[in-house]
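My notes follow, in the order I looked things up.

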Amino acid sequence: MSEKGIHTDFKDNMTYGEYLRLDKVLSSQERLSGHHDEMLFIVIHQVSELWMKLILHELNSAIVAIEKDELPEAFKMLARVSRVQTQIIQAWDVLATLTPSEYMEFRDSLGRASGFQSYQNRLIEFALGYKQAHILKIYEKDEELADDLTSAYKAPGIYDVAIRALSKAGLAINPELLNRDFSITYQGDPSVAKAWLEVYRDVDKYWNLYQLAEKLVDIEDSHQQWRFRHMKTVERIIGFKKGTGGSSGVNYLKSVLDHQFFPELWDVRTKL
């Protein structure tokens, strides 16, 4: 049964496919090997990159909002990041349907291309405060991209602006932290630990800061789950072979699992 009122004449109107540029999106899955399962590999990574784009959109906007003392606005953005993270975590379950034998059929087609080179993943790490200078060399081929990454590398991450928010609220923060060299990965500070402890001990007084802290813990928790599922999926498919990009593969992925983006927010649970 046809429904009255449905638009069918699009000679002079934009269609759904045109709005989403589906001609470009759906023509971007070019299998270099022609192997059936390479389609799965391409789609999973492209979809994950799209979700990462949204994560960056929300994270960067949240950083600006926190800087402007607009914490409730930032909460909505950070909550959305957490929801998106559930999507990219679950994507590993789909990729894990790829068996070692199937992957070996087209792995050579990747050449030296590797997820290790995902610049959006690096931008997410930079926004979360994890900075590694040697990573920037990977992107020198594209001058514009290299400039964007360098800017993000030097910019304050979301935890840096959260620490500034603690200071603005009247909590005693080491002044050297407020305008430090943000290209250096944050390692922790006693004044920050003391400030967060005060926030958690007086939730009513510092409700917005408490909410901010828990939103950040949500994001770090999910990011670590993503890292773990990444590591186990790689181990399941290629074992302990080197990655196509030259990394040590599983061993490298394991090495970053213990890194904490927001150390005091985890330590405060023991101290309460």
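I started with the second largest pocket, which holds about 230 Å³ of space. Keep in mind that this is a predicted model. I listed the lining of this pocket as Leu-56, Asn-60, Ile-63, Leu-123, Phe-126, Ala-127, Asp-148, Ser-151, Ala-152, Ala-155 and Pro-156. H3, H6 and helix H7 (143-154) are the elements that each give two or more residues to that lining. Sorted by class, I get eight nonpolar, two polar and one charged.

Next I went to the largest pocket, where I noted about 1300 Å³ of space. Its lining runs to 45 residues, and the ones nearest the centre are Phe-41, His-45, Ser-114, Gly-115 and Phe-116. Which helices supply at least two residues of this lining? I found helix H3 (38-67), helix H4 (71-95), helix H6 (119-128), helix H10 (207-238) and helix H11 (250-255). H3 gives the most, with nine residues. By class I have 20 nonpolar, 18 polar and seven charged residues here.

How many cavities of 30 Å³ or more does a search of the whole structure find? I got two. The largest cavity has a volume of about 50 Å³. Met-52, Ile-55, Leu-59, Val-81, Gln-85, Ile-88, Asn-121, Ile-124, Ile-219, His-223 and Trp-226 line this cavity. H3, H4, H6 and H10 are the elements with two or more residues in that lining. I counted eight nonpolar and three polar residues there, and no charged ones.

The second largest cavity has about 40 Å³ of space. I wrote down its lining as Leu-128, Gly-129, Tyr-159, Asp-160, Arg-180, Thr-185, Tyr-186, His-259, Gln-260 and Phe-261. That splits into four nonpolar, four polar and two charged.

Leu-59 was already in my notes as part of the lining of the largest cavity.

H3 and H10 kept turning up, and I checked their lengths. H3 has 30 residues, so at 1.5 Å a residue I expect a span of 44 Å; the end C-alpha atoms are 43 Å apart, which agrees. H10 has 32 residues, so I expect 46 Å, and the 47 Å between its end C-alpha atoms agrees. After H3 comes Asp-69, with a positive phi near 65 degrees.

I count twelve helices and zero strands. The C-alpha atoms fill a box of roughly 60 × 60 × 35 Å along the principal axes. Of the 272 residues, 44% are buried. Among contacts with a separation of 6 or more, 70% join residues 24 or more positions apart.

Methods:
Residues are numbered from 1 along each chain as its sequence is written. This is a predicted model: local features need pLDDT of at least 70, side-chain atom pairs count only at pLDDT 80 or more; totals for chains, interfaces and linings use all residues. Side-chain values use heavy atoms; hydrogens and water are left out. On a 1 Å grid over the protein atoms alone, a cavity is a set of points where a 1.4 Å probe fits but cannot get out, and a pocket is an open set with protein on both sides within 12 Å along at least five of seven lines; lining residues have an atom within 4 Å of a point. Grid points are joined across faces, edges and corners, and a volume is the space filled by probe spheres set on the points. Helices (H or I, at least four residues) and strands (E, at least two) are DSSP runs, numbered from the N terminus. Ala, Val, Leu, Ile, Met, Phe, Trp, Tyr, Cys and Pro count as nonpolar, Asp, Glu, Lys and Arg as charged, and the others, Gly among them, as polar. The expected span of a helix is 1.5 Å times one less than its number of residues. Buried means under 20% relative accessible area, exposed over 50%, partly exposed in between (1.4 Å probe, protein chains only). Contact means heavy atoms within 4.5 Å.
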